Amino acid sequence: MVRLAARTSTSSHKEGRALRRALTALAASASLICSPSLAQNTNASPELETLIPDEAVANPEAWAQQGVPPDETVVEDAPELQADSPLAEMPLVDVPWPEDAEPVEIAPLEPEEDIQFVDFTDLLPDLNKDGTQVAMGLEERISSEVVLVFPVDPMLFPERKEFVERFDALSTIERLDDDNNVGRLAAQAREDEALLNRMLRIYGYYDAVVLRSIGDIEPGAETAESRPTVRFEIAPGTQYRVGAVDLGNLAQAGTDYQVLRDTFEVVTGDPLLSDKIVEERFDLDEALGEGGYPFAAIKDPELLVDHARTEGDLTMLVTPGGKYRFGTVTSNVPRLMSGKHLADIARFEPGDVYQRSLELDLRRAILATGLVGSVTMTPVETAAPANGEPGTVDIAVDMTPAKLRTISGRIGYGSGEGFKVEGAWEHRNMFPPEGMLRFRGTLGTREQFAGVTFRKNNFGGRDRILTVDAYANTQDYDAYEAETVSLVGTFERISTLLFQKSFSYSAGLELVATREQEKDANGDLGPPETFFIAAVPLFAQFDASDDLLDPRKGYRVGVRMSPEASRTNGVESYYLRGQVDATYYLQTSENLVLAGRVRVASIPGASLSAIAPSRRLYAGGGGSVRGYDYRGIGPRNSEGDPSGGRSLLELSAEARIQTGLLGGALGVVPFIDAGTVGEDPVPSFDEIKVGVGVGVRYNTGFGPLRIDVATPLNPGPNDGWIGVYVALGQAF
């Protein structure tokens, strides 16, 4: 055994003075207490006695005040080592080099008799001893890189299918890029192993064993074609059961206890499924909120797992907080919307049992008015529960007003409609509550418009709208020119972007004075005719679709009826304008929706000449038969221009395909439209116009932005060869 030794020497005068200064400062600052016996200590180091003289021991403070002597003798008991000293003169020259030393033999360790070596492959009964494959095992190949292996008997793990789908969605290996690298795969496999163990515990398998292996190629021998594979051998073991269930103070709900307890469908003996516990907690919370308990509180569930019993005891502290009924609704901004108005639009009455969903519904309705930027709803106790009767809570509404004035504009283009520039100014609460005044105008190549609108939202009840609209416009289309003044009043209940209704309706009164002239093929105007029209437009629609702007399944059926009286050149005419629309949506896969539309319209009761050209039926355009001009389909006059008709039939079909591009926001829509317009009240099918094309849909999150390009298959002499349409929302 070689022992290295080194000794310390004072090598320079400067270092000696520095050491003396240090000792002096130490003695002065620390005020060391020394006893005379120190000088007599036979075990004291000679070097220490040399550095600390007797006078320093007797009176350290006086010795320290002497300072450092101007010149101190340096002990030269060892030669000072120079930078150019040869290596042979070093004090360690006699130390042998490692290769010259005798090898040290280490005795082997004796095996401990109480240590048992476990073959982990025994934990998986179907695993071969070489650890490479499960004999007759159930293999689930997630991808070329991941394989899960389960016990042969599917009843040992009945949740296998759901488990595999869940793992596939969460796997680190599957989510990250595949660069065919074994090192990367090994690191990700460790994370997936931890994921599998967590998932097994979620399903109640607390004694599960997961063995991980990577095979198929040797490390360092990877090629572009080689595919390393991770295998996870999964032995779930025994599924734990629910032990004791403690729901805290739920019994304070009194007569509602049993109903609430039955809502929480977790009992002793059930499989210990974490997902089930979370779902049932949500159901219990919903039942409390809908059953009259606005102040209910539920703490996070806790599990105490007992491996000896293979059970988990569940504790989830529930505090019902008392049962209540609705009182009044109060407003913090009564000049914007009073508490009375808020109570009118609420779907509950004072005295009704409190329901959280009705409170949230009122909040949504307030936001839908557009008059507020934020809303906070707070139940406030005004009477406590007593004598078995519920208490009373008022709903305090705290609103932050939004900006009430808006200036808006829009630019659009459509084949046959030309360019349009539209602008509007509105004050959404000019006549509180919710009395809007709007001025709007349009400048276009085919149409000019100016109008003023008064609208009262939630008029006489929830979602009811009263509208009075006065406007004047001019229209210059291929079939006619018109100068119109109109006054329209409507009372309606229709779908909005926030509240899609299964049933909508409207009824109104319309007074129209219009001066119109028909055109010939050269664009020359015929003699002007003035029409005075009174109409009662009616509308009803049943909507069973799943979305207002982008439906994927369901159907809609709408009916429009407008009895009208018309007077022109001293002749009065009476007729009925009727129209039926039906659409159907079928989602065949995650990325494909098939949509179809049928429209049938008729005007019985008067001749074509007695009906103003602007009130007749036309087809063509972005919401009709694409590829043809707006109102470009219909009976034609002697010069070949559409003159409108008294019957209409339209058919449309399209396939809405999600491409997956731009994060799934981009879609492609091939379509075909067909339509015909006849002079008689019943369609004649003498001439059916067909247009085909393809569109692009970009999902903005608010609704799809639509761009359609179509061409007519059987165009007339005045029809263009292509049509372009841009709008928000699907074509139908």
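A residue counts as buried when its relative accessible area is under 20%, as exposed when that area is over 50%, and as partly exposed in between, with a 1.4 Å probe and protein chains only. The model is predicted, and for this reason local features need a pLDDT of at least 70 and side-chain atom pairs a pLDDT of 80 or more, while totals for chains, interfaces and linings use all residues. Residues are numbered from 1 along each chain as its sequence is written, and side-chain values use heavy atoms, with hydrogens and water left out.

Q: Why is Asn458 called buried?
A: Asn458 has a relative accessibility of 13%, and therefore it counts as buried under the limit of 20%. Asn458 is found in the loop between β15 (447–456) and β16 (465–476), where strands are DSSP runs of E with at least two residues, helices are runs of H or I with at least four, and both are numbered from the N terminus.

Q: What is noted about the phi of Asn458 and the phi of Leu662?
A: Asn458 has a phi near 50 degrees, a positive value in a residue other than glycine, and Leu662 has a phi near 55 degrees, again positive in a residue other than glycine.

Q: Is Leu662 buried or exposed, and how do you know?
A: The relative accessible area of Leu662 is 62%, which is over 50%, so Leu662 is exposed. Leu662 lies in the loop between β24 (647–658) and β25 (666–678).

Q: What makes Ser624 a buried residue, and which residues does it touch?
A: With a relative accessible area of 9%, under the 20% limit, Ser624 is buried. Ser624 has its place in the loop between β23 (592–602) and β24. Leaving out residues up to four places away in sequence, Ser624 touches Arg597, Ala619, Glu650, Ser652 and Asp673, where contact means heavy atoms within 4.5 Å.

Q: How do you know that Tyr585 is buried?
A: Tyr585 has a relative accessible area of 2%, which falls under 20%, and so it is buried. Tyr585 has its place in strand β22 (residues 571–589), and its contacts beyond four places in sequence include Ser545, Pro551, Tyr555, Leu594, Arg656 and Phe732. Tyr585 and Gly596 are 11 residues apart in sequence, and their C-alpha atoms are 6.7 Å apart in space.

Q: Why is Arg515 called partly exposed?
A: The relative accessible area of Arg515 is 37%, a value between 20% and 50%, and therefore Arg515 is partly exposed. Arg515 is found in strand β18 (residues 503–518), and its C-alpha atom is 4.3 Å from that of Thr530, 15 residues away in sequence. Thr530 is also among the residues that Arg515 touches, together with Glu481, Ala482, Glu483, Pro528 and Glu529, not counting residues up to four places away in sequence.

Q: Why is helix α5 called oblique to helix α7?
A: The axes of α5 (residues 160–170) and α7 (residues 182–202) come within 11 Å and cross at roughly 140 degrees. Angles under 35 degrees count as roughly parallel, over 145 as roughly antiparallel, 65 to 115 as roughly perpendicular and the rest as oblique, so α5 is oblique to α7. The axes are lines fitted to C-alpha atoms over the stretch in contact, and angles run from 0 to 180 degrees between N-to-C directions.

Q: Which residues meet where α5 and α7 touch, and how do they divide by type?
A: In α5, Phe163, Arg166, Phe167 and Leu170 meet Asp192, Leu195, Leu196, Met199, Leu200 and Ile202 in α7. These residues divide into 8 nonpolar, no polar and 2 charged, where Ala, Val, Leu, Ile, Met, Phe, Trp, Tyr, Cys and Pro count as nonpolar, Asp, Glu, Lys and Arg as charged, and the others, Gly among them, as polar.

Q: What makes Leu170 partly exposed?
A: Leu170, in helix α5, has a relative accessibility of 41%, which lies between 20% and 50%, and so it counts as partly exposed. Leu170 touches Arg175 and Leu195, not counting residues up to four places away in sequence.

Q: Where is Pro433 found, and is the peptide bond from Pro432 to Pro433 cis or trans?
A: Pro433 is found in the loop between β13 (418–427) and β14 (435–444), and the bond from Pro432 to Pro433 is cis, with omega near -10 degrees.
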